[in-house]
Amino acid sequence: MTLEKKDLKDVLVVQNVTHDAEKAKDKKAALGTDVVIENFTTEDINAFDVLDDLKDIDKKTQKTILKVGVDANSEERAGSFVQMDQSNIFSHSISDSIELMNLGVALDKHSWLKDYLWKAVKPDVDKYTAQCALQESENDAYSGYFVRSLPGTKEIFPVQACMFIADQDVMQTAHNIVIAEENSELHLITGCATGDDISSALHVGVSEIYIKPGAKVTFTMVHNWAEQVEVRPRTAIYQEKNSTYINNYILPVLSNPSSLILPLTVMVKMLGHYSKVFKAVSTTQLLIWVQGLF
């Protein structure tokens, strides 16, 4: 059973997503330098053409995204997703164990997915989550990926997802939902980068990760943003009984490491490589705010 766009808008209204986001659209974040969102432009979700093959990306961009773990040849990958600015230009799963697609496509396919929307991360956390929610509720702009590992499956190869900023002064929003069904295992590599000629942009990423009983998720983020790009990710993980979440974070050595502003609860050391394992003996929720990266 599919969910029509009008019905989805009604759902966001009923769930107070639109109302809460509207109230929070000027709310400053608890950490990080305040960003003037109006300084950045929003592109249409169809600004870039959809590709039939990941290798159709130009060679220069292929080299750039390879540095953040995204292989255009898709060797030893269970699937690939690429978002360029606001456009989902490629999405394909080669594994029978994994569902992978744009969030908007997934909401059209699965009516039940609305029950996961804005549950782990609330739309009124700050102006950045609000902006992402308003893109969805006002403009039907569902950017970001949906990844789901099916019950009882254990895919050994990772899914790779790339957030790439190609245009100057653009605001990229991405709302990602990851679901690891009961007793499944999922590996996800998210590589984020900008074009060589980009000196100013804003990335707002909201990720909601749901790990069912006995499931295991390994989530590796590799970021190589230009130093003047403002990055505001908001991630929450909802773990059920006997589940495992492994978080890896990889950054290049920064010329100005003092520009990193991170919460002390989770991000202990970030330059180079950070890794942390979270095991849940009962249902729990984990918030990871990676703020003010550059």
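These legends accompany close-up views of a predicted model. Local features need pLDDT of at least 70 and side-chain atom pairs count only at pLDDT 80 or more, while totals for chains, interfaces and linings use all residues. Residues are numbered from 1 along each chain as its sequence is written, and side-chain values use heavy atoms, with hydrogens and water left out.

**View 1. The largest nonpolar core holds 33 residues.**
A nonpolar core is a set of buried Ala, Val, Leu, Ile, Met, Phe, Trp, Tyr and Cys residues joined through side-chain atoms within 4.5 Å. Buried means under 20% relative accessible area, exposed over 50%, and partly exposed in between (1.4 Å probe, protein chains only). Tyr-145, Val-147, Val-159, Leu-188, Ile-211 and Phe-219 touch the most other members. Strand β5 (residues 159-165) supplies the largest share of this core, 4 residues. Strands (E, at least two residues) and helices (H or I, at least four) are DSSP runs, numbered from the N terminus. Another core, of 24 residues, lies apart from it; Leu-117, Ala-130, Tyr-142 and Ile-179 are among its members.

**View 2. Leu-188 and Thr-218 are in contact.**
Contact means heavy atoms within 4.5 Å. Neighbours within four places in sequence are left aside for Leu-188. Its partners then include Tyr-145, Val-147, Val-159, Ala-161, Val-178 and Phe-219. Thr-218 lies in strand β9 (residues 216-224). Thr-218 counts as buried because its relative accessible area is 13%. Not counting residues up to four places away in sequence, Thr-218 touches Leu-186, His-187, Leu-188, Ile-246 and Asn-248.

**View 3. Thr-129 sits in helix α5 (residues 127-139).**
Its relative accessibility is 0%, so Thr-129 counts as buried. A polar atom of the Thr-129 side chain lies 3.3 Å from the backbone nitrogen of Val-125. Beyond four places in sequence, Thr-129 is in contact with Trp-118, Val-121, Lys-122, Pro-123, Asp-124, Val-206 and Arg-234.

**View 4. Val-105 belongs to helix α4 (residues 103-109).**
Val-105 counts as partly exposed because its relative accessibility is 44%. Val-105 and Phe-146 are 41 residues apart in sequence. Their C-alpha atoms are 8.7 Å apart in space.

**View 5. The structure holds 0 disulfides.**
A disulfide is a pair of cysteine sulfur atoms within 2.5 Å. The cysteine sulfur closest to that of Cys-192 is in Cys-162, 6.9 Å away, and therefore too far for a bond. Cys-192 is buried, with a relative accessible area of 3%. Cys-132 is buried too, at 2%.

Note on methods
A polar contact is a pair of N or O atoms within 3.5 Å; within protein, one must be able to donate a hydrogen and the other to accept it, and residues adjacent in sequence count only if both atoms are side-chain atoms.
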